[in-house]
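Let's walk through this structure together, one site at a time. Please have the sequence and the 3D view open as you read.

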Amino acid sequence: MFGLETSLFILLFLCLFLACAFEFVNGFHDTANAVATVIYTNSLKPTQAVVWSGFMNFLGLLTGGVGVTMSIIGLLPTELLIDPNVYHSMATALAMLITAILWNLGTWYFGIPASSSHTLIGSIIGIGVGYALLPENKAGLETVNWDKAIEIGRALLLSPLFGFAVAIVLMYIMKKGISNKDIFKEPKKDTPPPMWIRVILFTTCTLVSFFHGRNDGQKGIGLVMMILIAFLPGYFAINTDVDPFKLQAEVNTVQQVITKIDTTKLSATEKEGYHKIIKATTGLTTILEDKTLTNDNLTVEKKLEIRKDVLSINKYAKKLSESDAVSLSKDDKSALKKATAGSSPAFFTFGNSGSGLSSLTDFAPTWVMWMIALSLGLGTMIGWKRIVVTVGEKIGKQHLSYAQGASAELVASFTIALSTIYKWPVSTTHVLSSGIAGSMVASKGIKNLQGGTVKSIVMAWVLTLPVTILVSATIFYLLRTIIG
């Protein structure tokens, strides 16, 4: 009979394994989009393409920081991230992982370029919905972070539309500006294109792979961090490399700025946020001014309290600083941002996102980043063929030309890079597929699209969120009901 500690270790190992499996599937599902153009146009041999793409995904993830990771974690109700019951945490992790992996594998099997981003985000929102249905949760659906969900949903919706439109414009510019028409021709079988075209396609493949790692790879890090916080809060509830007792000045700054706000001008929701900040800063100050406590003797309960208070401060401070009803000076808003979210991270960031109070919660250990980077990189090297055929041959009625591949990947890399800067998780699959669709339309109009394939992609786009929300909520609710 297994002891309690052994059982928990097995459950932790299982959840971490499934998180790596999700990122592995993400690699051969999503990253196939990055290598589709160079393989299909004979610019690189398949083995060369997937190894290089895997390496660039690996590099992108390691240098991308954790901004997108925190956006993903922010979708979960805070109560689930500070629940001391490890079996409740197990239900959260398993429901999320099982749903995401099943949908990813199913769409990959049928060669449909569906979105791992939609899949994971739907699974996480489903956890929040399932939690809202539990009898002990009196707040209902208010526990779901709808503001964050809407923000991410907007990015997921607009990014492929942006990719579609910009690809059309870019193709038009290329047609007007490039006199050599070889770039607009379909690839000849087993014949590499001219060197200058190969260089362009190789460059765009590299950029998509790199920025895919920086954006999509962080979702896997988010999964692992949710698991670690749930199973080992003593080590991962807050960043143990940061001494919270040295952040009292930041807490004081938040209190000083917030108390300048004229609450009579605030809406009911904004007043609620104001009072939550006051409560959180008061709670933090009580802990940080306790002379009996140090960074070395903080209990798990205290660490969870600190995490909850910091998340509450950062969440509502951001909302208030963006409100037109808050009459704060530019300097006050800047001071508030610096105290909470800290300065913007550098382009190359390893494991942390910013400074200020967020340095306590926005982090990932180096070993987690390496583990996910390896899973993503290895996944890239396997299972790419189904998606490559769809991207190269089945979106448009004509086969993909060199110009279409280059324009779609250039647009995709730019869109993903921009989204990562703003910490938005976007879908590489949908951005690139819509870019290819746009390039096909730019060539011969809307009639140049294959209706069946486009319909399958759009259906997957439309159905992914509701299906994964429903499945994840059901699994979570059943597991929590069984566990109690």
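A residue counts as buried when its relative accessible area is under 20%. Keep that cut-off in mind as you look at this predicted model. Serine 53 sits in helix H3, which covers residues 46–62. Its relative accessibility is 0%, so serine 53 counts as buried. The side chain of serine 53 also has a partner: it makes a polar contact with the side chain of serine 209, at 2.7 Å.

Now let's turn to helix packing. Two packed helices are described by the angle between their axes and the distance between the axes. Take helix H13 (residues 300–321) and helix H14 (residues 330–340): their axes come within 10 Å and cross at roughly 160 degrees. Angles over 145 degrees count as roughly antiparallel, and H13 and H14 are therefore roughly antiparallel to each other. Their crossing is left-handed. On the H13 side, the contact is made by Ile313, Asn314, Ala317 and Ser321, while H14 brings Lys333, Leu336 and Thr340. Sorted by class, this contact has 3 nonpolar, 3 polar and 1 charged residues.

H14 has another neighbor to visit, helix H11 (residues 248–258): the axes of H11 and H14 come within 9 Å and cross at roughly 150 degrees. The crossing of H11 and H14 is left-handed. Here H11 supplies Glu250, Thr253, Val254, Val257 and Ile258, and H14 supplies Asp332, Ala335, Leu336, Ala339 and Thr340. By class, the contact of H11 with H14 has 6 nonpolar, 2 polar and 2 charged residues.

Key. Residues numbered from 1 in each chain as written. Predicted model: local features only at pLDDT ≥ 70, side-chain atom pairs only at ≥ 80, totals over all residues. Heavy atoms only, no water. Axes fitted to C-alpha atoms, helices over the stretch in contact; angles between N-to-C directions. Helix = DSSP H or I, 4+ residues; strand = E, 2+ residues; numbered from the N terminus. Parallel < 35°, antiparallel > 145°, perpendicular 65-115°, else oblique. Left-handed = near helix turned anticlockwise from the far one by under 90°. Contact = heavy atoms within 4.5 Å. Nonpolar A, V, L, I, M, F, W, Y, C, P; charged D, E, K, R; others polar. Buried < 20%, exposed > 50% of the residue type's maximum accessible area, 1.4 Å probe, protein only. Polar contact = N/O pair within 3.5 Å; in protein donor to acceptor, adjacent residues only side chain to side chain.
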